[in-house]
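Notes follow in the order I took them.

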Amino acid sequence: MCPPDLCELVKRHLYCSIALERLVAEALSLFSEKLRGFDSYAQLILAAIAIESERHAEILEMLAKELNLYNEYSNCREFVGEPWRAVETMSEELKSGREASYAELLERQKWVEEALGEETYHKILLPLVSGTAREQCIESNASEAFKDILDKVVEDEKFHEQAVKEVMQRLIKRSTESGSDHPIPIP
Ligand SMILES: [Fe+2]
Ligand SMILES: [Fe+2]
């Protein structure tokens, strides 16, 4: 019999990871659109990361449903904490039309990508899923597949982190060259 607390914790982590990936996808699409016509490198890279984030959400949702670990929760903002708020702030700043520092927003996003990959997926979610397999809540073959899929997702997160850093450095360079206080003119 699966310990209810463990099961509940895995479900919550999975659901909130799915929700956070979707929040990232939405925010980065918005960011990408803001850069259209200004810097196509930055625009395309952020659009690609947005698509991959949505795919991660789909993959995690598929795994959660297939393994009977899917449940919906309403308090992911509190559960996830700082990374959630960082992405939320990025969206709000982009929507507000204020002259946000794009480099600062990207710096925080870089941190979110790092937090999602190694910290959340490898150090928290994976041990939790292995734990459910040990307790025989899910079969060991399914747990192995989960691990291999999650390893691939973590590799993607490393790329996201590097790519966001590259975009940030390019925007800072352009801003320095143009002598502007802000990385880009706000559309
Ligand atoms: Fe992701
Ligand atoms: Fe990511």
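I began with the buried side of one helix. The buried residues of α6 pack against α2 and α5 (102-134). Helices here are DSSP runs of H or I, at least four residues, and strands are runs of E, at least two, numbered from the N terminus. I listed the buried set in α6: F146, L150, V153, E157, H160, E161, V164, V167, M168 and L171. Buried means 20 or more other C-beta atoms within 10 Å of a residue's own; exposed means 12 or fewer, partly exposed is in between, and C-beta atoms are placed from the backbone. Residues three or four places apart on an α-helix point the same way, because it has 3.6 residues a turn.

A note on provenance. This is a predicted model, in which local features need pLDDT of at least 70 and side-chain atom pairs count only at pLDDT 80 or more, while totals for chains, interfaces and linings use all residues. Residues are numbered from 1 along each chain as its sequence is written, and chains are lettered from A and ligands numbered from 1 in the order in which they are written.

Next I checked the length of α6. Its 39 residues should span 57 Å at 1.5 Å a residue, and the end C-alpha atoms are 57 Å apart, which agrees. The expected span is 1.5 Å times one less than the number of residues.

Then the pair. At what angle do α2 and α6 pack? Helix α2 (residues 40-66) and helix α6 (residues 140-178) make an angle of about 160°, with axes 10 Å apart. Axes are lines fitted to C-alpha atoms, for helices over the stretch in contact, and angles run from 0 to 180 degrees between N-to-C directions. The two helices are therefore roughly antiparallel (over 145 degrees). From α2, the contact takes in Y41, A42, I45, L46, I49, E52, H56, I59 and L63; from α6, it takes in F146, I149, V153, D156, H160, A163, V167, R170 and L171. Contact means C-beta atoms, placed from the backbone, within 7 Å.

I turned to the loops. N68 lies between α2 and α3 (76-80). Its phi is near 60°, a positive value in a residue other than glycine. N68 counts as partly exposed, with 14 C-beta neighbours inside 10 Å. Q136 sits in the loop between α5 and α6, and its phi is also near 60°. Q136 is exposed, with 10 other C-beta atoms within 10 Å. Most residues other than glycine have a negative phi.

Last entry: Y102. This residue is in helix α5. Y102 is buried, with 26 other C-beta atoms within 10 Å.

Methods
Parallel < 35°, antiparallel > 145°, perpendicular 65-115°, else oblique. Contact = placed C-beta atoms within 7 Å.
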